[in-house]
Each structure stands twice: as C-alpha cells, then as structure tokens.
Amino acid sequence: MTIPIDTFISELSRVVWAMFRVGGFFMVVPVIGSQLVPPRVRIALTLATAVALAPVLPPMPSIDQLGFAVGIEVVTQTVIGMSLGFATIVFFQLFVVAGQFIAMQMGLGFASMVDPTNGVTVTVLSQFFLMMVSLTFVAMNGHLVLLDVLVEGFKRIPVGIEGSMTEAAWEMAALGGWMFSGAVLIALPAVTSLLVVNLSFGVMSRAAPQLNVFSLGFPFALVFGLGIIWVSLYGFAPQFEALSQSFFDFTRRWA
C-alpha cells in the first residue's frame, strides 16, 4: 500500500494546523488548562484531539516550507484557540463573581480559600459555585459542545483567512459586561433578601438602641443567607441553562 506524498502532506498539514488551535484552547480552558493538569497531559490531549478532529475539518493550506507568513498564521491560530478558552473562563467566572456578591452581603467575605485550579484566593461560597458549575457543565456534555464549536470554527474562520478580526475582538471585550450582568442576575434574589434583613436590623437598632445589633445581626444574617442559598438552588438549573445557551450562541457566532 502506497500513499502519494501530496496526500500525506495534506493530511499532515491538517493535523498540524488543528494542533495549534486546539493547543491554544487546552492551554487556558478551565479544568484542562488548570495547574492541576501537567503540561505533558495537555500536549497528549492536544495531539489526540487534533488527530481525532482532522478527518472532519475542511481542507487546510499545505505547509510546503517554513517562513514568516507561516509563523504569523501559527500565532493567529493559537490566539483563536486561546480566545475560545478565555470565553469559557469568563463563563465559569460569572458564577464566581455571583458568589462574591452574595458572600459579601451575608458576611462570608472573610471566609476565603485558595482556588487550587487557578491559584487565586476566592470566597468559600464562590468555590462552592465553581465546583457545582464545573460538575454540571461536564454532566451536561458541555465539553463536547465546545469541541463541536471548535470544529465549526475552522469552517467559520478557516486557516489562512484574510481580513480583520476587529469585530470578534469587540465581542470579546463585551463579554466582560455580560459576565457582570449574569452574576448580578444570579445573586440578585439573595442580595435583595439579605438587604431586607439588614434594613430590619437597622430599624431595630433605632427602635431599641440597647440591643447589640452587631452580635445579633451577624449570625442571623449568616444563617438566613445560607437558607436563601439553599432555596435558590431550586432555580439554579434554569438560570444555568439560559446562561450556557447564551454563552454557546456567542461562541458559535465567531469561534
């Protein structure tokens, strides 16, 4: 069995170009791109994913010789993959910000811990939201949807495309505003309820100055906040589904 050299170079080029975009994606995407996954594992996953996706990808330009244009295209493909991974990080951090809002309102802002995946300090409530969202995202096959978006991205933004990606850059910048608005939407019921509790203690302190509101209000707000979080978890699934659908719609427009 013989394989023509042109066919071999074409198929190899398809795998190589896929590796750069997939590698950029795995470099920053949550869970896989965290500090808990060794670089060797990420490289092996990149190679295996590129080989698996190569047959369904559109034709790619062959790499006949190395040059400055090839280097620029390598950087471009890596940046595109990293952009998709960054958008996924923004989606996960949306729930972290919501946890920060709720924790600061209920008095848990001081209860912080180091996030082992990112190496930053977050509140315990934010870490709980992050773990819950990560497990829910994987359980709903969100990682498979991201791979499908990655494959569609090669058709929407093929290798060697000419033109400007200014519109995509502006959409990425607007993603930060979407993150804060989504975090406020998730935290708004709990924050509003805790605000009513704090206002009630303010009225009590004015009506009965002899009461020690600080010693009484802090544990009550903490217990009441935990109860609100427990009740709000019943409506977490529809909010997560709506936000994830908005996130996937955004990634399918440009990635």
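## The second largest pocket

In this predicted model, the second largest pocket holds about 240 Å³ of space. A pocket is an open set of points on a 1 Å grid over the protein atoms alone, where a 1.4 Å probe fits, with protein on both sides within 12 Å along at least five of seven lines. Its volume is the space filled by probe spheres set on the points, which are joined across faces, edges and corners. The lining has 15 residues, and Val-29, Pro-30, Ile-32, His-143 and Leu-146 are the closest to the pocket centre; a lining residue has an atom within 4 Å of a point.

By type, the lining comprises 11 nonpolar residues, four polar and no charged. Here Ala, Val, Leu, Ile, Met, Phe, Trp, Tyr, Cys and Pro count as nonpolar, Asp, Glu, Lys and Arg as charged, and the others, Gly among them, as polar. Helices α1 (5-28), α3, α4 (124-139) and α5 (142-156) each contribute at least two lining residues.

## Basis of the model

Residues are numbered from 1 along each chain as its sequence is written. In this predicted model local features need pLDDT of at least 70 and side-chain atom pairs count only at pLDDT 80 or more, while totals for chains, interfaces and linings use all residues, and side-chain values use heavy atoms, with hydrogens and water left out.

## Overall make-up

The protein contains eight helices and two strands. Their order from the N terminus is α-α-α-β-β-α-α-α-α-α. Helices (H or I, at least four residues) and strands (E, at least two) are DSSP runs, numbered from the N terminus.

Of the 255 residues, 38% count as buried. Buried means under 20% relative accessible area, exposed over 50%, and partly exposed in between, with a 1.4 Å probe and protein chains only.

## The nonpolar core

The largest nonpolar core has 56 residues, and Phe-91, Phe-95 and Ile-102 have the most contacts inside it. At least two core residues come from each of α1, α2 (39-53), α3, α4, α5, α6 (166-207), α7 (213-232) and α8 (236-254). The largest share, 13 residues, is supplied by α3. Such a core is a set of buried Ala, Val, Leu, Ile, Met, Phe, Trp, Tyr and Cys residues joined through side-chain atoms within 4.5 Å.

## Helix α3

Helix α3 covers residues 68-106, 39 residues in total, and reaches 56 Å from its first C-alpha to its last, close to the 57 Å expected at 1.5 Å a residue. The expected span is 1.5 Å times one less than the number of residues.

At Gln-93, α3 bends by about 25 degrees; the bend is the angle between axes fitted to the seven residues ending there and the seven starting there. After α3 comes Gly-107, with a positive phi near 90 degrees.

The 15 residues of α5 should span 21 Å at 1.5 Å a residue, and its end C-alpha atoms are 20 Å apart, which agrees. Its buried residues are Gly-142, Leu-146, Val-149, Leu-150, Val-151, Gly-153 and Phe-154. Asn-141 lies in the loop between α4 and α5. Asn-141 is partly exposed, with a relative accessible area of 39%, and its phi is positive, near 60 degrees, in a residue other than glycine.

Val-149 is 9.8 Å from Asp-249, C-alpha to C-alpha, although the two are 100 residues apart in sequence. Asp-249 is in helix α8 and is partly exposed, with a relative accessible area of 35%.
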